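Subject: Structure handover

Hello,

Here is the structure I promised to pass on. Please open it first, then read my notes below.

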Amino acid sequence: MKSVKVIVPFLLALSLLSFSSFGFQSDELLVDDEEFGLEGSPQHRSSEPVLTRSQPVTRKRHSDLDSDSKIQFSLDHAFGDSDFSPAGTFSARLKTWSHGGQTLTKLRFSRNSFTDENKEKFKNLLKSDDFYRIRLPSKALSPPGRDFVISSVKARCLLREGLDEHFVIHMEGVNVLAVNYGSPGSCPYPRNLKFPAKWSFNSHTVLKNSEQAPRAPVFTEEILGDENAEGEVVQPPERPFWAKYWMYLIPLGLIVMNAVTQAMNMPEEQASGQAPAQGQPSAGAVQRGPSSAARRR
Amino acid sequence: MAIRSFFVPFLLLVLWFYSSLSPVLSLYEDQVGLMDWHQQYIGKVKQAVFSTQKTGRRRVIVSTEENVIASLDLRHGEIFWRHLLGSNDVIDGIDIGLGKYVITLSSGGSILRSWNLPDGQMVWESFLQGPKHSKSLLLLPKHEIDCINVVQTNLKIEKDNVIVVFSNDRLHAVSCIDGEVLWKKDFETESFETQQVIQPPGSDLIYVVGFAASSQFEMYQINARNGELLKHESAIFSSGFLRELSLVSSETVVALDSTGSILLTISFQNGEISFQQTPISNIVEDSSGPAVIIPSSVPGIFAIKINSVTIFIRVIGKGKLEVVEKLNQETAVSNALPISESQQAFALVQHAGSEIHLVAKLAHDWDANLLKESIKMDQQRGIPHKVFINNYIRTDRSHGFRLLIVMEDHSLLLLQQGAIVWSREDGLASIIDVTASELPVERDGVSVAKVEHNLFEWLKGHMLKLKGTLMLASPEDVAAIQSMRLKSSEKSKMARDHNGFRKLLIVLTRAGKLFALHTGDGHIVWSHLLHKSEACQSPVGLNLYQWQVPHHHALDENPSVLVISRCGPSSDAPGVLSFVDTYTGKELNSLSLDHAVVQVIPLPHTDSTEQRLHLLIDSDKHAHLYPKTSEALGIFKREFSNIYWYSVEDHNSIIKGHALKCKCTGEVADEFCFDARDLWSVVFPSESEKITATVTRKLNEMVHTQAKVMADQDVMYKYISRNLLFVATVAPKGSGEIGSVTPEESWLVAYLIDIVTGRILYRVTHHGAQGPVHAVFSENWVVYHFFNLRAHRYEMSVIEIYDQSRADNKDVWKLVLGKHNLTSRISLFSRPEVITKSQSYFFTHSVKAIAVTSTAKGITSKQLLIGTIGDQVLALDKRFLDPRRSVNPTQAEKEEGIIPLTDSLPIIPQSYVTHALRVEGLRGIITVPAKLESTTLVFAHGVDLFFTQLAPSRTYDSLTEDFSYALLLITIVALVAAIFVTWRLSERKELQDKWR
């Protein structure tokens, strides 16, 4: 049992790296491995973004049936409404699973440096607060696929020391669903005009796959019955009468005392019947005051 | 900590009240009809059959385009019974068999049903299969002129009356008693298209005539007793036929050749086919253009239409034709009605300005009119589309006629003795868009209804109420109180009320008619049929937008709505804009556009007269600004760079984001036209995903607070953006019906996409899920409904999205010192820091529509309004769809109002807002905020209409409407009197004491 506990985080880390969008299917495959004989081990559902830059070199651990090959696809950019031109290349490792599914891992990006012409164009974008647009093929294997996925950002948003950019590439198998492009941080609204100190891009790329939806909970009858019985609020532990109701008793006592003293002081005034009538709402206000305050809290 | 323990019992008490009260919204029996109303419609009538032979209730059976079969009272137009068939169960034909069964043929001729005429119970149902799809024809042998002859039908097989049905390329004879198929007959000829099934009266023969291969006329003669083929003849006409036949006698039909210029009289007497050709130009002098045959079945006469002229032609003897009349107005012709042994009558309805002319004639005698009347008709009803004739015996034993006519606006009218006996606004059964408008402010003299007549009545009313309150009322008094409450003229007043309950619902129907319905009792305040102009003959209404909502400085103006319509059926046909005053229903202006309208974007800006700016996107992706004023252009220029929109290309699963670029670079300089550019695109892999639903937030939704306080004193900030789009895609295989795929090959992916930058903020896959997906988006959450193939149940999921970039504003000192970023402007180009929470629950019903309540300030908690498959509207508290629910919530979470997690959502019978009623054919639910924060107005429409007021957290901000002010007043008076009395008594006592 102890060894299992050690293995679980290790496995999680491993499976993070060899992540696939078909969470269920990859599970099925790995059941063959003896380490994965854990039934009901917590299934990692969310795809942690894989930072390609800081990707540590990991041991190669695939089942023999898997094969991988390198592929490349290009990033195009456009300044404002100009035509697209090549701006860099993404290279990734294509992993083919034994059941036919394919995924990309270990994405790397190499950007071409800006030519002088590009710099001039980019400066114009900055001046006119216009869009810098990029595009990727929608099929990484056979570019361009059906269409290009486009993303754009106001050029001024990219400006830091140099030029900071952040790609989030949403994948579905080997298809690029969408690319989200922008600055890695915030882009404060009144965008001020300034020019970059150095013309080099600092790129971050993230590959994202779809999350698995949590399953709707299925309860046993027992719990259900429990829930149904729970029409009234769960009773707090029993306490003495005084401890439970002192907050009602004190105002009540005050009212009674007030009424009594009034009746004693002015026995001639018959309108004392109004005293409780005044007392009631005040007691109500005592009750309502804290409760509304508490709900707002 | 001490303070905390002090509050706990209070909180528990409050919580207990809250949880025990709030989910239950039910009404008491005597509250039904106080704030809600329900109207029943049937839709545009396709076919009508009268049932008046027998004594008793006179009725008409109708089938409609909304797939309703209904039995209407001929005297008042009320519905006796009504059945709504499914949306894919289109009615092909109806008739009455044996005088007591209603026979319907539906679903492309494959389902034949029989209903009991008096009460609408189904008697039998039979399925008719055939080799291929074809035109469906229903034929009930009709020999009876009146009921006496019913017994002597010649077509009897073991005393059965036989229904002859041609459907799915097969001829069936079905018993009228039990729906059993007696015989069936297939037609071998390839590409045979049946046009008519004819049974000559008094014979055992059935003729089936039609065309094969477009130039061949085919005739089959069949024995009606056993389906035996007696004769098969065919003849070729070299220049081909138009696919329409008019039956002029039992053995003669008239057709047109393929050019529409030659009339062919085809007779097949004794099984011999013979053609007679008559060029139209020979009998009609100034004929130009191709002709079309108007389907009719008047013996000896048929009608053709050339351009807009209707020409009636009589067939004399051996194929000789003679023009009897040419009518220039829009005309509708009824079928023939046998009125005696040898006479058949038919009716003609012509539209002439503000009147319609009715003529009833005998088929063999064109010149004599049995009936000639003119009736004034509301111009807003348009032209007559259909007419059905029925006769009755007048008190002087002569023939009288009543006509049922269907107008252009889909209304149904019964005309008799030169007057409209009743009318039904059945256009309201097909509402396509709804918007709400305020009523005029109450001014002196505007007030329509006097609330109370005099002091005595007023006092009497309040005495009754007092009795009711003190439970002293007798049953008669209770009835009186109830009727008083229901009839309260207050609620149908034509002026704004303080709480904003009274409004006008402006609805656009499929017929292109606008109606204004009063929310008080649902009566029609005005109606307006969209005008036809020179440029546009048949505008198709598409959408309604609020064009001008005056408040503040433009109060003198009347509010108006913008109606977008399209000129013709194709999606790139030019658009038409109409501006309609919502107080009067007058059309203020109408613009025929030179571009199509693909998308309409109401901008969040108004000009000085409170006209809202709208951006219309045409099919070439140009954006056009309306209104076309320089002021609007000025406002627009200021916001030019901040306008973004998206477009969904359903067919190839691409969503694109756009922004404005520059002025149009077209040949004509138009300063209100702008070019667009693509900013982003999301390309869904066509082999694995297909867009099935896209939902955005309502534009006018109010959110009261951005912060949400958790039980552990933590604050979460809702990610509230108007630019979020929810998209659901399903596997292309799984887009069919539920159960057509296995769970392994079906999935559903839900996306939250920012429409300015195209960022996918959240993406989640539900494996083994299948559409149809219904979703609703409000504040920072979206709820969607789908089918779970693994669990064999429907499921509802909720996604809530929270903003993390503001999460560090919890420090009080930061807030005090102003070092927070709560008021800073946000740019969507920043990288969003959001977290999402989601949860799924099982849900019992399948859903037709989902909406959410909306209130004026957004303080009141929300309820989901779910249109169930049973055509009811269920209110479900949003608290049940809270992703923070857990099986065992902590004490603190319980205090906050978190309900312990259950696997399915509860359906509490009392929370049906439609209580006992059904909104047949439910299509949409619209919520409109009232001025009173606690209350929202709900309008559900389908074939029926339903309206009610809802208070999701009960009416915490007002006294209930049955609060007795009189009782309060009387109590105060009594108390004051008591004070005086006791004061006098005490003074007297004091005096006595002093004298002692």
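Where is the place of E920(B)? E920(B) sits in chain B, in the loop between α7 (891-896) and β63 (924-929). Keep in mind throughout that this is a predicted model.

Is E920(B) buried or exposed? Buried means under 20% relative accessible area. E920(B) has a relative accessibility of 15%, so it counts as buried. Leaving aside residues up to four places away in sequence, E920(B) touches R82(B), L84(B), D871(B), G942(B), V943(B) and D944(B).

Now the cysteines. A disulfide is a covalent bond between the sulfur atoms of two cysteines. How many disulfides does a search of the whole structure find? Over all chains, the search finds 1. The disulfide joins C157(A) to C187(A), with 2.0 Å from S to S. The pair links distant parts of the chain, 30 residues apart. C157(A) lies in the loop between β6 (148-154) and β7 (163-172) of chain A. C187(A) lies in the loop between β8 (175-182) and β9 (201-208) of chain A. The torsion about the S-S bond of C157(A) and C187(A) is about -70 degrees, so this disulfide is left-handed. Both C157(A) and C187(A) are buried.

Look at two cysteines in chain B as well. C176(B) has a relative accessible area of 1%, so it is buried. C662(B) has a relative accessibility of 29%, so it counts as partly exposed.

Back to chain A for one loop residue. T115(A) is in the loop between β4 (102-111) and α3 (116-128) of chain A. T115(A) is partly exposed, with a relative accessible area of 40%. K127(A) is 12 residues from T115(A) along the chain, and their C-alpha atoms are separated by 18 Å.

Next, the cores. In soluble globular proteins, nonpolar side chains tend to be buried together. How many residues does the largest nonpolar core have? The largest nonpolar core has 59 residues. Those with the most contacts inside it are F122(A), Y132(A) and I169(A). The strand β8(A) gives the most to this core, with 5 residues. A second, separate core has 36 residues, including A48(B), L428(B), L932(B) and L937(B).

Then a helix in chain B. Helix α3 of chain B covers residues 455-469, which is 15 residues. From its first C-alpha to its last, α3 reaches 21 Å, close to the 21 Å expected at 1.5 Å a residue. Which residues in α3(B) are buried? Among them are G461(B), H462(B), L464(B) and L466(B). Just after α3(B), M471(B) takes a positive phi of about 60 degrees.

Last, a sheet in chain B. It is an open sheet of 4 strands, in the order β6-β7-β8-β9. The pairing is antiparallel. Which are the edge strands? They are β6 (91-97) and β9 (122-127) of chain B, and each pairs on one side only. Neighbouring strands of this sheet are turned by 15 degrees against each other on average, direction ignored. In chain B, 6 bridges join β7 (residues 101-106) to β8 (residues 111-116). Find S106(B), and you will see I111(B) of β8(B) standing opposite.

Best wishes

Notes:
Residues are numbered from 1 along each chain as its sequence is written. Chains are lettered from A and ligands numbered from 1 in the order in which they are written. This is a predicted model: local features need pLDDT of at least 70, side-chain atom pairs count only at pLDDT 80 or more; totals for chains, interfaces and linings use all residues. Side-chain values use heavy atoms; hydrogens and water are left out. A disulfide is a pair of cysteine sulfur atoms within 2.5 Å. Helices (H or I, at least four residues) and strands (E, at least two) are DSSP runs, numbered from the N terminus. Buried means under 20% relative accessible area, exposed over 50%, partly exposed in between (1.4 Å probe, protein chains only). Contact means heavy atoms within 4.5 Å. A nonpolar core is a set of buried Ala, Val, Leu, Ile, Met, Phe, Trp, Tyr and Cys residues joined through side-chain atoms within 4.5 Å. The expected span of a helix is 1.5 Å times one less than its number of residues. Two strands pair if DSSP finds at least two bridges between them. Axes are lines fitted to C-alpha atoms, for helices over the stretch in contact, and angles run from 0 to 180 degrees between N-to-C directions.
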